[in-house]
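Here is a short briefing for a first look at this structure. Start with the picture, then read the points by topic.

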Amino acid sequence: FNTDRYRAGTVVLNGETYDSILINYDIYDQQVILQVPGWISDLNNKVVLNRESIDHFQIDGIKFRKMSYPETGTSFFQVMSSGGISCYMLWTKKLYRSSAASNARIRYLKQSREIYLQREDRLFRIKNRASFAGFFDEAYRKEIKEFLRREKISFRDASDEQLGELMSFCIELKHGD
């Protein structure tokens with residue numbers, strides 16, 4: 001996730017919290033990997049955690065939660081907001097294999113994200129401003145569209161901060177009734 005470097009994080013395994021550990025998140029394989037000091041040498045060891053045991057984890061202050069939906073299967077989602085209106089991002093990375101048979105190369109393509117909103121127990125993928133506004137009741141759509149235009153939010157390249165502000169605006173709007 002974002003880099004090959006291991007960073008300080010927190011993991012909750014089977015309800016037990018482990019703080020200040022060095023972790024990385026492999027988006028392609030949906031795995032959380034710990035870096036632990038070697039027992040015999042000065043080299044660090046890598047430990048791939050059992051996915052089924054992970055409740056959630058945090059890396060660089062970004063929280064991820066394991067969730068399962070028919071639309072996506074079981075995956076780790078970045079939590080943008082939860083509660084009144086839940087917004088999640090699913091990060092993916094694709095593996096590219098060149099077609100040149102003599103010099104076959106395998107590499108990962110750039111990581112990408114899909115944005116989802118949750119209503120009840122269903123996820124709705126957000127691709128653009130129209131699909132985002134369409135998620136909400138008619139009474140809120142005009143103000144949401146105005147906010148999106150005013151803040152120049154494009155779902156293709158919106159930052160975490162912009163999405164956070166948008167979600168805060170929508171939550172305030174709904175609770176202001």
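**Ser86 and the overall picture**

Ser86 counts as buried, because its relative accessibility is 8% (buried means under 20% relative accessible area, exposed over 50%, partly exposed in between, with a 1.4 Å probe and protein chains only). The model is predicted, so local features need pLDDT of at least 70, side-chain atom pairs count only at pLDDT 80 or more, and totals for chains, interfaces and linings use all residues. Residues are numbered from 1 along each chain as its sequence is written, and side-chain values use heavy atoms, with hydrogens and water left out.

**The chain as a whole**

- The protein chain holds three helices and twelve strands (DSSP runs numbered from the N terminus: helices are H or I with at least four residues, strands are E with at least two).
- Along the principal axes, the C-alpha atoms of the protein chain fill a box of roughly 65 × 50 × 30 Å.
- Of its 177 residues, 37% count as buried.
- Among contacts in the protein chain with a separation of 6 or more, 40% are between residues 24 or more positions apart (contact means heavy atoms within 4.5 Å).

- Ser86 lies in strand β8, which covers residues 86-92.
- Beyond its neighbours within four places in sequence, Ser86 is in contact with Ser81, Tyr116, Leu117 and Gln118.
- Leu22 sits in strand β2 and counts as partly exposed, at 36% relative accessibility.
- Setting aside neighbours within four places in sequence, Leu22 is in contact with Tyr6, Arg7, Ala8, Ile33, Leu34 and Gln35.
- Val11 is eleven residues from Leu22 along the chain, and their C-alpha atoms are separated by 9.9 Å.

**Positive phi angles**

- Most residues other than glycine have a negative phi.
- Ser20, in strand β2, has a positive phi near 50°.
- Ser20 counts as exposed, at 67% relative accessibility.
- Gln30 is in the loop between β2 and β3 (31-37), and its phi is also positive, about 55°.
- Is Gln30 buried or exposed? At 9% relative accessibility, Gln30 counts as buried.
- Lys152 follows α2 and has a positive phi, near 55°.

**Helix α2**

- Helix α2 (residues 138-150) has 13 residues.
- From its first C-alpha to its last, α2 reaches 19 Å, close to the 18 Å expected at 1.5 Å a residue (the expected span is 1.5 Å times one less than the number of residues).
- Which residues of α2 are buried? They are Tyr140, Ile144, Phe147 and Leu148.
- Seen down the axis, the buried residues of α2 fall within an arc of 95°, so they line one face of the helix (the arc is that of the directions from the helix axis to the C-beta atoms).
- Glu138, Lys142, Arg149 and Arg150 are exposed on the other side of α2.
- The cover over the buried residues of α2 includes α1 (129-134) and α3 (160-175).

**Helix α3**

- The 16 residues of α3 should span 22 Å at 1.5 Å a residue, and its end C-alpha atoms are 22 Å apart, which agrees.
- Leu163, Leu166, Met167, Cys170 and Leu173 are the buried residues of α3.
- These residues cover an arc of only 125° around the axis, which puts them on the same side of α3.
- The face turned away from that buried side carries the exposed residues Glu161, Glu172 and His175.
- What covers the buried residues of α3 includes β7 (73-81), β8, β11 (112-119), α1 and α2.

**Phe136, between α1 and α2**

- Phe136 lies in the loop between α1 and α2 and counts as buried, at 3% relative accessibility.
- Leaving out neighbours within four places in sequence, Phe136 is in contact with Ile85, Leu117, Arg119, Arg141, Ile144, Cys170 and Lys174.
- Phe136 and Cys170 are 34 residues apart along the chain, with their C-alpha atoms separated by 9.1 Å.
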